[in-house]
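I opened this notebook to record what I looked up on charged pairs and nonpolar cores.

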Amino acid sequence: MNRIRPSRIVDLSKEIAYNREDPFFMRVKIKHHAHGTARWLVRALGLPFRLFPKDFAGWGDDTITKMGVHSTTHIDAPWHYGPTLADGSRPATVDEMPLDLCFGPGVVFDMRHKEEGEEITAADMEANVAASGAVLEKGAIALIRTGRDRLQGTREYWKSGTGMSAAATEWLIDRGVLVMGVDQWGWDLPFHRQIKTAKETNDATLFWQGHLVGRRKPYWQMEQLRGLDQLPSHGFDVAIFPLRLKGASAAPARVVAFLYE
């Protein structure tokens, strides 16, 4: 059986670790237990110390004491965008993500030219794919490169970025792309910019507009990717397998790209 093996695998995921610079509602806390703790657990289970294997120091163990499903590199399910779709039906939760959507050809959209607080438009997407020569086929996975992953680990990360407009998001969906992701903190403009603009314009359509497209046209969306600078514009594959959290709005995911000679 002939298999085409990738020449390189690129990790597009953040480490899951405590970061004091994240907003308080997104911080991860992990307790690392000393190996020796397990010796006492084994003893409590009934094995006397004299029968422990030689040099048995105990097993390592760790407990995630706090982690929201959106706190690290993750994928949002349609359920995240609201409890019902526009037609009144129930949106899918993350454990219901079809596995055939979790692997597909990747296409990088380079949006590093977009300024802070400047939205990505459908015209931006159209121009970029034309310039790169990529072909958007059904099942493609779109990756939006803003360059803001350089800020991961700093307090500026969640406050910085451009944002996918509703029109740009819908442009992808209408071309058969149901899975997409970005290397900045969120899909839309940073929260403070969305709120400021909505208040200034008295426009109730501006807040969370990219996400809310998913109530009309369900799609799956990754946030807090990294390493898109290591990828070509196309000609590679992407795999995304989220944790199978029953009934959840999102799940942490290990996202990787497969590059071929």
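Is Arg175 buried, partly exposed or exposed? I worked from a predicted model, in which Arg175 has 34% relative accessibility and therefore counts as partly exposed.

**Entry 1: the partner of Arg175.** I looked up the salt bridge of Arg175 and found Glu126, with the closest N and O atoms 3.9 Å apart. The pair links distant parts of the chain, since Glu126 is in helix α2 and Arg175 in the loop between α3 (166–173) and β9 (179–182), 49 residues apart. With a cut-off of 4 Å between nitrogen and oxygen, I kept the Glu126–Arg175 pair at 3.9 Å.

**Entry 2: Asp11 and Arg254.** I found a salt bridge between Asp11 and Arg254, whose closest N and O atoms are 2.8 Å apart. Asp11 belongs to strand β1 (residues 8–11) and Arg254 to strand β12 (residues 250–259), so I recorded a link between distant parts of the chain, 243 residues apart. For accessibility I noted that Asp11 is partly exposed, with a relative accessible area of 30%, whereas Arg254 counts as exposed at 56%.

**Entry 3: Lys114 and Asp124.** I looked up the salt bridge between the side chains of Lys114 and Asp124, which is 2.7 Å from N to O. Lys114 lies in the loop between β5 (103–110) and β6 (119–120) and Asp124 in helix α2 (residues 122–132), so this pair ties together parts that are 10 residues apart in sequence. I recorded both Lys114 and Asp124 as buried.

**Entry 4: the largest nonpolar core.** I found 26 residues in the largest nonpolar core, and those with the most contacts inside it are Leu12, Leu143, Val179, Met222, Leu231 and Ile240. The elements that contribute two or more residues to this core are β7 (141–145), β10 (220–223), β11 (236–242) and β12. Strand β12 supplies the largest share, 5 residues.

**Entry 5: contacts of Leu231.** Which residues does Leu231 contact, leaving aside its neighbours within four places in sequence? I listed Val10, Leu12, Val108, Leu143, Phe236, Ala257 and Leu259.

**Entry 6: a second core.** I noted a second, separate core of 25 residues, which includes Ala134, Leu136, Trp171 and Trp208.

Terms used: Residues numbered from 1 in each chain as written. Predicted model: local features only at pLDDT ≥ 70, side-chain atom pairs only at ≥ 80, totals over all residues. Heavy atoms only, no water. Helix = DSSP H or I, 4+ residues; strand = E, 2+ residues; numbered from the N terminus. Buried < 20%, exposed > 50% of the residue type's maximum accessible area, 1.4 Å probe, protein only. Core = buried A, V, L, I, M, F, W, Y, C linked by side-chain atoms within 4.5 Å. Contact = heavy atoms within 4.5 Å.
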